[in-house]
Amino acid sequence: MNQEIIVAILATAITAGTPILYAALGEVLAERAGILNLGVEGIMLVGAVSGFILALHTANPWTGLAVAMLAGGLMALIHALLTVTLKANQVVSGLALTMFGTGLSGYLGKAYVGKPLPVPFKVTPIPVLSDIPVIGPVFFQHDPLVYLSYILVPALWFFVFRTRAGLHLRAVGENPAAADSMGINVFFIRYIYVIIGGMLAGIGGAYLSLHYVPSWMENMTAGRGWIAVALVIFATWNPANALWGAYFFGGLDALGFRLQTLNVMISPYFLKMLPYIFTIVVLILVTKRNITNHIGAPQALGLPYDREER
Amino acid sequence: MKKINFKAVLALTTVLLVALLATGCGGQESKQSEQSKDQQGEEKLKVGFVYIGPVDDAGWTAAHEQGRQYLEEQLPYVDASDYVENVPENPSDAERVITQLVEQGNKIIFTTSFGYMDPTINVAKKYPDVTFLHCSGYRTAENVGAYFGRMYQARYLSGLVAGKATKSNIIGYVAAFPIPEVIRGINGFTLGVRKVNPDAKVKVVWTNTWIDAAAAKDAAVALLDAGADVIAQHQDSPGPQQAAEAVGKLGIGYNSDMSKMAPKAVMTSPVWNWGPYYVDTVKAIKEGTFDSTPKYGSLTYWGGLAEGVVGLAPFGPMVSEDTKQLVEQEKQRIIGGEWDVFTGPIKDQKGEIKIPDGQKMSDQELLEMNWFVEGVEGTIK
């Protein structure tokens, strides 16, 4: 493999990883607050279709993006309502949300299948930076949403691990009772981060319909929401790890196709399986007690919080 | 939690109900017929359709839907208003929907996806006076016909266009699954390419998905990076064509006219046209001349260019007059019937003669095709 091919694979890994990255960042926030949201796939689909419809009608991808975020937030609000206020089982509510989102997006998008989007997010190379050999074409010849994610990842990492609000977020996910007794509003925090998580998943979906393949097709996320959920574990609930994890997962497909063009056959089924294998390995690692204390799942993940049962 | 949380139970039930409505029942719309009698009060012949996708999927199901509408236009005595979209291929759903169509009085039922094959046969056993037609399978019965189209002929024609257009002599082909239907299409296409350009190669990348547009696009990008300057596809999404357009290269779409999605890239698209077949078949059944015996390998009906079941979408402006003439000439040669795409001499990938000079592959051999012709770069796993 020469340098050109490697650059191409890395650049594709970034674009392929970006929708997963946004969804995973959202899921990191929700899970850090103690709420497991398995509705990511459905939220991404609703984000993709609503973003597409609005971008088409307003001829502006940014309005599409805003609406995708709004729709993603609303979808997540359903999950928050069920799991935080009504204390429903988070797994069941999340799965139901995915089914709901799949059906809803198909219904909303019915009249939009096969329509071209004249105003997608376009590739806009960053001046100067994009001229650096290797690094330029890999990192700085993308669309605005990729650049936005470059800023978002360190910002979120800093927020979660270095700010007071981030500490509150983690406290709610680790030990809601203790956080509550410290005067932190557990319910409010959980609502906020589940909703923000949904908005980010909405962006992830809209990235597909507004940039990647600017069009709408039923089920166009094709399982990326599930990969995002797996990626959160793989990234050990850390936004920074989610970045390279997303590029790694995204790059596997790109690598598989490249190898096929070079007549090297690795079964695509095997490549599709890899993200989940890595996730299982990480999952096994983080269940070891001494590691858990540093990088494990939030202690209260998946548990409803009830003040009366404190 | 020690006590049963009624709020939670209530919430879960609500969510599940909503989800069920949205995905299960909401997705399936059965258009009930209001008038099954025409003005003279005569009983109309009811014809039902079972679809795998929504009618506006701009692809496979949309093509069958156009055929259904054509049937209603052409035969005034037909009421084809009962069609069911998004029917899952599992036996219980498919059999339920097909049975329901029979109970609604449909005398002819078209089931338009591979997975409906066994359900169709099963339901047909219970209703011997109803005629069933199943698309793309291989099982028939007294009252069940199997039909398909010779898409490889249209792909051959599109191969001529691609072969004329390529300058790098590398043509990329984004393919879904290594099954005979797809392999036959790749081979037909490649024979067209090599007819006009014996030096050109067709590089194949498998995506293992029909619908994932992003993956299909990535596959096309990989092919473009490997030097391809024309991208053909056996995918339902326009992703590969968009990838070609983004870097100023050309492409051949599939399923429906994809030129809307990538006007600068798409030279033409092999497309389905079921209308004439639906009209002929319904006529034959009404007149009592229909016979479900397999005549084309395991198929009752396997129409191609001659019958108009497959064809090419209008050419883009980048296609030259010369090429158009050549395509027309080859089309007439196939329609004429003495020559077909898979007539020898045809070599396999190793360069060994697989079909001797002048010999035609039988329909059954075509339906079971599992090898690539010379000029294809890729492997069948």
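This is a predicted model: local features need pLDDT of at least 70, side-chain atom pairs count only at pLDDT 80 or more; totals for chains, interfaces and linings use all residues.
Author: A:Met75, A:Ile78, A:His79, A:Leu82 and A:Thr83 of α3(A) meet A:Gln90, A:Ser93, A:Gly94, A:Leu97 and A:Gly101 of α4(A).

Reader: What classes of residue make up the contact of α3(A) with α4(A)?

Author: By class, there are four nonpolar and six polar residues in that contact, and no charged ones.

Reader: OK, and at roughly what angle do the axes of those two helices cross?

Author: Roughly 155 degrees, with the axes of α3 (residues 61–85) and α4 (residues 90–108) of chain A coming within 10 Å. Angles over 145 count as roughly antiparallel, so that's what α3(A) and α4(A) are to each other.

Reader: Is the crossing left-handed or right-handed?

Author: Right-handed, as α3(A) passes α4(A).

Reader: Switching to chain B. Which stretches go into which domain?

Author: The domain assignment puts 41–149 + 274–303 in domain 1 of chain B, and 151–271 + 311–377 in domain 2 of chain B.

Reader: How many residues does each domain bring to the contact?

Author: Domain 1 of chain B brings ten residues and domain 2 of chain B brings seven.

Reader: Which helix gives the most on the domain 1 side?

Author: Helix α2 (residues 60–74) of chain B, with three residues on the side that touches domain 2 of chain B. By class, that side of domain 1 of chain B has six nonpolar residues, four polar and no charged ones.

Reader: And what distance separates the domain centres?

Author: Taken over C-alpha atoms, the centres of domain 1 and domain 2 of chain B are 29 Å apart.

Conventions. Residues are numbered from 1 along each chain as its sequence is written. Chains are lettered from A and ligands numbered from 1 in the order in which they are written. Domain bounds come from an automatic or database domain assignment. Two residues are in contact if their C-beta atoms, placed from the backbone, lie within 7 Å. Helices (H or I, at least four residues) and strands (E, at least two) are DSSP runs, numbered from the N terminus. Ala, Val, Leu, Ile, Met, Phe, Trp, Tyr, Cys and Pro count as nonpolar, Asp, Glu, Lys and Arg as charged, and the others, Gly among them, as polar. Axes are lines fitted to C-alpha atoms, for helices over the stretch in contact, and angles run from 0 to 180 degrees between N-to-C directions. Angles under 35 degrees count as roughly parallel, over 145 as roughly antiparallel, 65 to 115 as roughly perpendicular and the rest as oblique. A crossing is left-handed if the near helix is turned anticlockwise from the far one by less than a right angle, and right-handed if clockwise.
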